[in-house]
Amino acid sequence: MLRVCWKGARAAARCGKVPAHPLQHCRRYTTAGDSGSSAGKIVAAGLLTVGGGVGGTILYAKWDPKFRAGVEKSVPYSDQVFETVLGPPAPPAAAALKRPGKIEPLQISSVSEALKESKQPKAKASRPDPAPVEAAAPAEEAPAPAQTLQAEVSHHEPVLTERPAEEVSARLEQQDQAEQHVLTALTAGLEESLGSSAKITLQAIGAQEAALTAITAHTDQLREAMDAQTPPDEKSAQWKALTEALSERTRAVDEAGDALLKAKGELEKLREVINGAKQRKIASARPQILAAEENLHSMIVDLDKVVTKVQTAQSEAKVVSQYSELVNEAKAQFQQELANITPEIQANWKGLSGKLSADDLNSLIAHAHRRIDQLNRELAEQRVREQIHIETALEQQKLEDQRALERAVASALEHSREDIRIQQEKKLQEVREVLEAEMRTQLRRQAAAHTDHLRDVLKVQEQELREEAHEVLSSKMMEQETHYRRLTQEQLDTFTLDMNAAYARLKGIEEAIDSHVTAEDEARKAHQLWLSVEALNYTLKSAGADSPTEPLEGAVLAIKETCAENEFAQALATAIPEESLSRGVYSEASLRARFYDIRRLARRVALIDETRNSLYQYFLSYLQSVLLFEREQEAPPAKLAAEDLDTFKLLAYATYSIERGDLELAAKFINQLRGESQRVAQDWLKEARLTLETKQVISLLSAYANAVGLGTTQAP
Amino acid sequence: MSEKEIGRKWDRCLADCAIKVGTGLGLGIVFSVVFFKRRTSPIAFGTGLGLGMAYSNCQNDFKSHYVLHSNVAKEQ
């Protein structure tokens, strides 16, 4: 859409630049653009409408479930859409029915709350159940509350739970109090209603009796008037009295009727109250209820009796009135006829006797004769029909009697039933009282026994509990003690462990320190040894050209001191020859120098040994030494053979060795000299030995000192 | 010093020889003069005697080391 507009704009721009024949193109573009934009607009508008419709439908379905149901029915797959968008449809409202039914049981619940307050939730739950039933039959108010209460009772019986004694007693007290209240209210109400109803009933009865008397009086008077045996002047009085009596009767009857209605109303109220009282089911009110019922019954009975009396009187009066009516009718007819015949005569024919003329009298007599004939005929007919009439009348009477009988029987039956019921209730009440008394005594006995038993059981339980408590206490104490002991032991152990560890560590540290100390000591000693050995070495150097060294004693003593506990060093130190200690040793150089003297001398006395040792031999050996030419130095072989043991050879080897600095080898060779040469070289050999020994020992010592010095760097 | 022993010995020997020879000569001279009427034989004799003694001494001195000495155990 935007691109279309853009293209259109560009095309328009292009059109603006090149107005020649691409105008058609432009136009086409613009029209296309226009149509495209309008089509787009149409599409957009359509989408918007559809979307709006769908959204509106969904919103309205959310608000009105009926509409939703309708849409779901009509449009397929809309229920799925609704479910995805709105969720499942709301559940149907079942509570609507319950509302009208709730009002009725509320009257009763206000009364029963005092007794059944704990069962209220269940009651409320159960009440709606009979309520719809009630709603179906709202006419019967009285039995319906009883039904609901019965339903309540039946519902509540299985839900009884044990409650603590105090609560129960409190509740019982409460209940008793409530009962008392209700009872007093009931009795008050009953008495009130009884009193009022009694009053009104008495009034009604009085009224009825008055009516009865009025009716009887009226009937008597009417009969009397009908009999017409009285003189005419009294007749008017009679008729006046009659009318008075009639009015009196009607009034009385009306009054009686009103009173009866009132009484009936009051009795109904009383009945209602009694029923209400009965429904509350308070036992103590029953005698009163019974008494009230009795009273009610008696009142009803009396009222009915009186009513029947009145009715009979009324029926009699009706008969009489009918008769009087007939008579009046006949009289009226007669009068009419008379009036027809004698129109001038006034209607009131009582005061008519003196004012009539002869014609009138004749016509009157003729009419009377005619009437008499007629009447005779009628009488004859009537006599004929008498039987039939009598029979029919009898039949009617029978029927009426039967009906009356039935009515009477029914009422009597009802009365007797009521009586019996009341008697039964009375008896029931008596029996109940007796039983209650007995039950109370039994309960008292049981309570006493229970208290005794409880006392015993409590004693025993107390003992047991005490023992148990003791046991538990002792066990706990033991436990605690053992625990405590264990803890202390643990503590001790840990402490000991710690101490041991610390001690061990301390020991270790001490050992380490000691070892360090010893090591250092050793090191020091080694150092000292080394120093002393070095000193010894140095003293060796103090040898002059021909004088021996200083006596090594001091240095050796120093060594001995420094390594007092070192056996090796001690041994070595002691291994140093005494001479070197006391006198010192000659240096190698001096020995070397001396060696040449020895050599010369040994050469000169080479021939001299124990066999040849005269002066002549001396001379010969000297001669030999002068005349023998040989190399001064000769490398000694690795092994000495027998011929090598010649003096000169030996001396040559020794010279070679000593020139190479190997004093030891030279000494070895010199040691092989025999004879006088040996004697001559003895001292030198000794010195050489000394020097060599000392040097050896010193070199050992120094090596040892070095080794020890090196070794002390390591842990021992 | 064992090597000086020989020298010493020789010194002793020579000294002894000189003494003995001198003494022998002297005595010889004396004897010759005194007893033997200036013959030279006692001088020669005395010198020879002296020389011989010296020689023998010298030899003994030099041999002394090699001569075995024995000890006779005293009989109890």
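# A tour of chains A and B

Start by selecting Glu464(A), Glu467(A), Glu468(A) and Glu471(A), which form a negative surface patch. The model is predicted, so to read it: local features need pLDDT of at least 70, side-chain atom pairs count only at pLDDT 80 or more, and totals for chains, interfaces and linings use all residues. Residues are numbered from 1 along each chain as its sequence is written, chains are lettered from A and ligands numbered from 1 in the order in which they are written, and side-chain values use heavy atoms, with hydrogens and water left out.

What makes a patch? Its residues have over 30% relative accessible area and no salt bridge; like charges are joined within 9 Å, and nonpolar side chains (Val, Leu, Ile, Met, Phe, Trp, Tyr) within 5 Å. A salt bridge is a side-chain nitrogen of Lys or Arg within 4 Å of a carboxyl oxygen of Asp or Glu. Asp and Glu count as negative, Lys and Arg as positive; His and the chain ends are not counted. For Glu, the charge is placed at CD.

**Stop 2: helix H12.** Keep Glu467(A) selected. Glu467(A) is found in helix H12 of chain A, residues 358-541. Helices (H or I, at least four residues) and strands (E, at least two) are DSSP runs, numbered from the N terminus.

**Stop 3: all of chain A.** Chain A has 20 helices and 0 strands. Of its 716 residues, 27% are buried. Buried means under 20% relative accessible area, exposed over 50%, partly exposed in between (1.4 Å probe, protein chains only). Chain A exposes about 46900 Å², with 59% supplied by carbon and sulfur atoms. Such areas come from the Shrake-Rupley method with a 1.4 Å probe; for residues, only the protein chains shown count as cover.

**Stop 4: Tyr77(A).** Look in the loop between helix H3 (65-74) and helix H4 (78-86) of chain A for Tyr77(A). Its phi is near 65°, a positive value in a residue other than glycine. Is Tyr77(A) buried or exposed? Tyr77(A) is exposed, at 62% relative accessible area.

**Stop 5: chain B.** Switch to chain B, with 2 helices and 0 strands. Buried residues are 28% of its 76. Its accessible surface is about 5500 Å², and 65% of that belongs to carbon and sulfur atoms.

**Stop 6: a nonpolar patch.** Select Leu25(B), Leu27(B), Ile29(B), Val30(B), Phe31(B), Val33(B), Val34(B), Phe35(B) and Phe36(B). Together they form a nonpolar surface patch with about 760 Å² of accessible area. Finish on Phe36(B), in the loop between helix H1 (2-34) and helix H2 (41-63) of chain B. Phe36(B) counts as partly exposed, at 37% relative accessibility.
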